[in-house]
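My notes follow the order in which I checked them.

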Amino acid sequence: MKFFIDTANLAQIREAQDLGVLDGVTTNPSLMAKEGISGNEAILKHYTDICHIVDGDVSAEVLATDFEGIVREGETLSALHPQIVVKVPMIKDGIKAIKYFTDKGIRTNCTLVFSAGQALLAAKAGATYVSPFIGRLDDISADGLSLIEEIRQIYDNYDFDTQILAASVRHTMHIIECAKIGADVITAPLSAIIGLLKHPLTDNGLAQFLADAKKLGN
């Protein structure tokens, strides 16, 4: 399973990259705003800066919601760097644009997916990634992980190449459960990724080993 980090914070991206397990980055206008990045020129530069830190795919989101606007923005984003994947919303014109991009060899990430039907349409249009938002489903007392299971079954039934990118991941158990189901990718905050390192028995065991070593004069 690939690990993406969901942020626009360059320091956090570097920390995840230095850990040696990072496969890519996802970000969006909300995350850009959180870092104080505004204005088209600054946003485009920030995407390029991210590409210079990581080795893998970087999802860059369009803001337009009409076909012509999505295509125009997507082509601009794609031209920034070979690692850029154009992030397109799950709407009618978004699906049309994903098909257009697919035919042009431009990779896409279909975002804001909340149903198996939406994921099926994204795969039919040729999306590189589909991003079901599991945490936001959990927020309204729906089962986000069940959606991952449904999409996995459908994609396996028909050998779709589209990769399931579990998004809106909130904590370590989301990551573990997505791995058990067979999500191709998770995108998570740094805290959730770092959280996988933690276990009290590891901490206690290491403390005991170090205490014993100190008794031996090491």
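I began with Glu-150, which counts as partly exposed because its relative accessibility is 40%, and I noted that the model I am reading is a predicted one. Glu-150 is found in helix H8, which spans residues 144-158, and on the surface Glu-150 gathers with Asp-138, Asp-143 and Glu-149 in a patch of negative charge.

Staying in helix H8, I looked up Arg-152 and Asp-156, which lie four residues apart, about one turn of the helix, and form a salt bridge with the closest N and O atoms 3.2 Å apart. Arg-152 counts as buried at 13% relative accessibility, since the cut-off is under 20%, whereas Asp-156 is partly exposed at 46%. I also recorded that Arg-152, Asp-156 and Asp-184 are linked in a network of salt bridges.

The structure holds nine salt bridges, and I went on to one of them in helix H3, where Asp-49 and Lys-45 are separated by about one helical turn because they are four residues apart. The closest N and O atoms of Asp-49 and Lys-45 are 3.0 Å apart; Asp-49 is partly exposed at 22%, while Lys-45 is exposed at 51%.

In helix H11 (residues 200-215) I found Lys-215 and Asp-212 three residues apart, their side chains meeting in a salt bridge at 4.0 Å, N to O. Lys-215 counts as exposed at 69% relative accessibility, and Asp-212 as partly exposed at 31%.

Last, I checked Gly-36, placed in the loop between helix H2 (29-34) and helix H3 (40-53), and noted that Gly-36 is exposed at 59% relative accessibility.

Conventions. Residues numbered from 1 in each chain as written. Predicted model: local features only at pLDDT ≥ 70, side-chain atom pairs only at ≥ 80, totals over all residues. Heavy atoms only, no water. Patch = residues over 30% accessible without salt bridge, like charges linked within 9 Å, V, L, I, M, F, W, Y side chains within 5 Å. Areas by Shrake-Rupley, 256 points an atom, 1.4 Å probe, with all protein chains shown as cover. Lys, Arg positive; Asp, Glu negative; His and termini not counted. Charge placed at Lys NZ, Arg CZ, Asp CG, Glu CD. Helix = DSSP H or I, 4+ residues; strand = E, 2+ residues; numbered from the N terminus. Buried < 20%, exposed > 50% of the residue type's maximum accessible area, 1.4 Å probe, protein only.
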